[in-house]
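I opened the model to look up its aromatic contacts. Confidence came after that. My entries follow.

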Amino acid sequence: MATAQITVSHPLTTPNVYQPSATECPIISLLGPNSMAASVRLDVSAPFSAIRTLFDHLYTHADDAAKLNAIYPRRGILKTAATIKASSDQKFTIDLSPKRVALIPASLQQSLAGHGLKDILDFFNTLSTEYVPSILSSLSIIAGADLTAVHSTYNMNFRLCDYNPVTAASGSLNGCGAHTDYGTFTIIFQDGTPGLELEDADAPSSWVPAPGDATVILTGWCAVILSGGRITAARHRVRRTPGVRRLSAVLFLAPDLNVTLRPLGGIKPTQPFSETIMRGEIDTKVFKEVMGKRWRYREGNEEMEGHEVGTQDDEIAKLIWA
């Protein structure tokens, strides 16, 4: 069974991934089981100059960073745990969402606009309104059911990543630990620097580098469940090159928070799901919380109990599969 994961600009050589010709770019072709494919045009570029400018401004203006983090005091917006934790993912992030952006005071938005924020928000707005619907429609073809019906609120998050050489473990190759995203799909824009790697679905623990200038769509656990297994989840990681700075811009889309996570009506599962899933005992909000603790631990923003062992993907696999 193929994983719905495709690059733009350069094809991957991974088995079961459709390889577009040069004339097809920037068409993303999403390949499903039995060679069922759907395409969507994605010809928008991330504003990496603005992203670099915003990170650099916040690093050197602690007052603005503090004001930004104050709107989301639970975990902050600018996350720099990698400066003090060598065991965490060695990256810095700016985590936004439509809800969080709406909470940023107008004066702060205006102040940061000239330091890249306006261009960044314009980019994510364009991506959300012009491309997310097309990708959902294309994945619906592969899933065999209408995914748009369970994404009515556009439950999205926006992430900027700075794989900066100045971290607690400057020589570490770990930019982002191996994991599978929890949501429906993720769009990753890269600045041209290699580092993103995808696990070969036919050879676990075998990693295939994605070209540094490729834009990649990865499907997550929610897509697996809603499609009854017709869409598979894409495990991935980021490897650092010591001394080299790398930037990425990411959009995450998940089902509405109140959506019950089980195969959509009319879909016959391709493999057995757990009774927890088939009885509809969890929704997106609960599932996100289950996923969240481990990814926050990996990113250095939350501690784990001593008895909590195993990977994030191991825990989710136990939850969803029979």
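**Aromatic rings**

I began with one aromatic cluster, formed by Phe-123, Phe-124, Phe-158 and Phe-189. Rings of Phe, Tyr and Trp (its six-membered ring) pair if their centres lie within 6.5 Å; planes under 30 degrees apart are stacked, over 60 edge-to-face, the rest tilted. This is a predicted model: local features need pLDDT of at least 70, side-chain atom pairs pLDDT 80 or more, while totals for chains, interfaces and linings use all residues. Side-chain values use heavy atoms, without hydrogens and water, and residues are numbered from 1 along each chain as its sequence is written.

I found 7 aromatic pairs in the structure. Phe-123 and Phe-189 pair edge-to-face, at 5.1 Å centre to centre and 85° between the planes. Phe-123 is in helix α4 (residues 106-130) and Phe-189 in strand β8 (residues 185-190), so the pair ties together parts 66 residues apart in sequence.

Next I checked Tyr-182 and Phe-287: their ring centres are 6.3 Å apart and the planes at 55°, so the pair is tilted. Tyr-182 lies in the loop between β7 (174-180) and β8, Phe-287 in helix α8 (residues 284-298), 105 residues apart. Both are buried.

**Confidence**

I then read pLDDT, the predictor's confidence in each residue, from 0 to 100. The protein averages 85, and 82% of the residues score at least 70. Residues 1-29 stay under 50. Residues 304-309 are also below 50. Where pLDDT is low, the predicted coordinates should not be read in detail.

Notes. Contact = heavy atoms within 4.5 Å. Helix = DSSP H or I, 4+ residues; strand = E, 2+ residues; numbered from the N terminus. Buried < 20%, exposed > 50% of the residue type's maximum accessible area, 1.4 Å probe, protein only.
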